[in-house]
Amino acid sequence: MSIIMNRIKRTFENTNVDALLIMNSKIQDANFKYFTNFTSGVFENSYLIVKKDSMTLVTSPLEYEIAKESKPEEMKIINAKNKEETEKALRDELKNKKVGINENFISYLDYKNLKKNLGLELVDASNALSVARSIKDEEEIKNITIANKITKKALNEIQKYFKEGVTENQIAARLEFLFKEYGGEDLAFQTIVAFGSNSALPHHFSSSKKLTENNFVLIDCGTKYRNYCADVTRTFIFKPDKNSTKYKRMIEIYEVVEEAQKLGIDSIKEGVEANIPYDKVKEFIDTTHGNKFKDKFIHSLGHPVGLDVHDEGPGMGKTNAKLKKNMVLSVEPGIYITGFGGVRIEDDIIVTESGAKVIK
């Protein structure tokens, strides 16, 4: 069975619909990439019809040649030149069928238009799509692994560009250049570069702030490879003054986060409830060093990574969903001290029967 047919089979195991309708708007639904593996083309306002044994893509002349060159063997392509041809193709393909849609993506306006113009019986199939995508197949793991290798290579190289006076934006731009130079194809998300006190802001946007000595440099970044994301965070100390009180405090924070990440990774394996690694890490950070860092870890321990950087499946927070073999998750503990700085260390892991495999 091909990889695509296996993805289709696993999705239909969790829904009783006759067909899935994946509808792109001005942006692509990630499920469109999941079933097509297309790495080129916009496919705005295109429709992918997925049945148990085949697929039909209804698209425009703008995308037809790309689709024809890249299509998996299970796919038929209809070149619809206008709205009327598109609607006729959808009616012909979906007549008298119960149709599953992704309510997590489709707009209410598009939903109403499908009901009104096509008269389809529409049901929500978003959970079936989420369950299927939460378990990665061999090709997905390969692509995520390559994205991680490129990201980590660029992070090793970027340290050569740290110098007094360089800005967060300049480091972000250089890093993104390195991604492309090393084989990355797009950004997994907007690169975060945070100097000094900005590193205490988990979702800081890179700015014109300049780097000064004896300060944190936190970089949260990732590239994509064949649509699949990496998500890696590293925290550095630029030109440390090892005799300073500030440096000693920075090192103390770093070592606690480093130990917390190891504890989290060591707590992960198939069958573990997703809240358990989070609870262990949070308790450790809250109680270590005489409760000095209590409530300074302010987000979940990690999230699924795949076609989206925050992909389908359970995150490691306040949920008792069980982790399953071949889920890919980030593990990213952090400590954030407002006005001083913060440390986050993040790696992507694969859940296995015996533990967590860190993607190198």
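Predicted model: local features only at pLDDT ≥ 70, side-chain atom pairs only at ≥ 80, totals over all residues.

**Labels and their cut-offs**

User: Where does Lys239 lie?
Analyst: Lys239 sits in the loop between β12 (232-238) and α9. Residues are numbered from 1 along each chain as its sequence is written, and side-chain values use heavy atoms, with hydrogens and water left out.

User: Why is Lys239 called partly exposed?
Analyst: Buried means under 20% relative accessible area and exposed means over 50%, with partly exposed in between (1.4 Å probe, protein chains only). Lys239 has a relative accessible area of 48%, so partly exposed is the label. Its phi is near 40°, a positive value in a residue other than glycine.

User: What about Asn214: buried or exposed?
Analyst: Asn214 has 9% relative accessibility, so it counts as buried. This residue lies in the loop between β8 and β9, and its phi is positive too, about 60°, although it is not a glycine.

User: What makes β8 and β9 a strand pair?
Analyst: Two strands pair if DSSP finds at least two bridges between them. β8 and β9 (residues 215-221) are joined by 4 bridges, so they pass, and they run antiparallel. Within that pairing, Val193 has Ile219 in β9 as its bridge partner.

User: How do you know that both faces of β8 are covered?
Analyst: In β8 (residues 192-195), Ile192 and Ala194 on one side are buried, and Val193 and Phe195 on the other are buried as well. Val331 is bridged to Asp347 of β16.

User: Why does Leu155 count as buried?
Analyst: Its relative accessibility is 3%, so Leu155 is buried. Leu155 belongs to helix α7 (residues 138-158).

User: Which residues is Leu155 in contact with?
Analyst: Contact means heavy atoms within 4.5 Å. Leaving aside neighbours within four places in sequence, the partners of Leu155 are Leu175, Ile219, Cys221, Val232, Arg234 and Phe236. Leu155 and Ile219 are 64 residues apart along the chain, yet their C-alpha atoms are separated by 8.3 Å.

User: Why is Asn275 called buried?
Analyst: Asn275 comes in at 17% relative accessibility, so it counts as buried. It is found in helix α10, and the cover over that helix's buried residues includes α9 (245-266) and β14 (334-337). Beyond four places in sequence, Asn275 is in contact with Gly317, Lys318, Thr319 and Asn320.

User: What makes a group of residues a nonpolar core?
Analyst: The set must consist of buried Ala, Val, Leu, Ile, Met, Phe, Trp, Tyr and Cys residues joined through side-chain atoms within 4.5 Å. The largest one has 35 residues, and those touching the most other members are Ile8, Leu20, Phe35, Leu48, Val50, Met55 and Leu57. Apart from it lies another core, of 29 residues, including Ile265 and Phe340.

User: What makes a space a cavity, and what makes it a pocket?
Analyst: On a 1 Å grid over the protein atoms alone, a cavity is a set of points where a 1.4 Å probe fits but cannot get out; a pocket is an open set with protein on both sides within 12 Å along at least five of seven lines, and lining residues have an atom within 4 Å of a point. Points are joined across faces, edges and corners, and a volume is the space filled by probe spheres set on them. A search of the whole structure finds 1 cavity of 30 Å³ or more. Leu21, Met23, Asp29, Ile101, Asn102, Phe105 and Ile106 line the largest cavity. The largest pocket holds about 390 Å³, and among its 16 lining residues Gln28, Lys33, Asp186, Lys224 and Asn227 lie nearest the centre.

Methods. Helix = DSSP H or I, 4+ residues; strand = E, 2+ residues; numbered from the N terminus.
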